[in-house]
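Look at the fold below. Follow the chain along its strands and helices, then read on.

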Amino acid sequence: MAAQRFLVPLDFSEEANRALDYAITLAGKLGARLTLLHVIQALPLGSVDMGVTLPVAYVEDLEAEIRRTMASSLERVATAGLEGDMVIVHGVPFHDILETAKTQQVDLIVMGTHGRTGLHHVLLGSVAEKVVRLAPCPVLVVRQPTIVPVS
């Protein structure tokens with residue numbers, strides 16, 4: 001079965017950018033359509049009882065900047081001669097990646113990984129790892145190439 005619809009979660013990191021490049025190349029060979037996804041994760045500003053929130057103007061500016069950055073990424077897809085769309089949601093990244101994969105009925109998720117290990121991994125977890133374990137479709141994880149010294 002050929003993959004016809006890819007989901008590419010973007011957090012605007014170098015790793016996500018590399019995954020987008022990979023997805024564009026692979027989609028070009030397979031004639032697949034790309035859905036670009038950005039999840040705006042809520043920032044904890046205090047306890048739930050405190051009722052602390054970000055100013056509305058700040059949130060609106062942030063969302064406008066995210067839309068501009070996503071539109072730029074979508075333009076890269078179009079420049080490659082591919083069809084695509086973008087989705088921006090508020091939520092928990094791994095959860096909304098999985099939900100979008102289900103609702104959009106994607107055949108493949110292509111995502112980057114920060115490659116955290118040790119204490120950083122324990123404290124921050126891994127969105128990519130959760131997606132790989134729980135995804136309704138195959139997941140291609142694109143990581144930073146490691147330089148192996150030549151003996």
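A residue is buried if its relative accessible area is under 20%, exposed if over 50%, and partly exposed in between (1.4 Å probe, protein chains only). Helices (H or I, at least four residues) and strands (E, at least two) are DSSP runs, numbered from the N terminus. This is a predicted model: local features need pLDDT of at least 70, side-chain atom pairs count only at pLDDT 80 or more, and totals for chains, interfaces and linings use all residues. Residues are numbered from 1 along each chain as its sequence is written, and side-chain values use heavy atoms, with hydrogens and water left out.

Start with strand S2, residues 33-40. Seven of its eight residues are buried.

Now helix H2, residues 56-79. Why does its span of 34 Å agree with its 24 residues? At 1.5 Å a residue, the helix should span 34 Å, and its end C-alpha atoms are 34 Å apart. The expected span is 1.5 Å times one less than the number of residues.

Which residues of H2 are buried? They are Ala64, Ile66, Met70, Ser73 and Val77. H1, S2 and S3 are among the elements that cover the buried residues of H2. After H2 comes Gly81, with a positive phi near 80°.

Terms used
Contact means heavy atoms within 4.5 Å.
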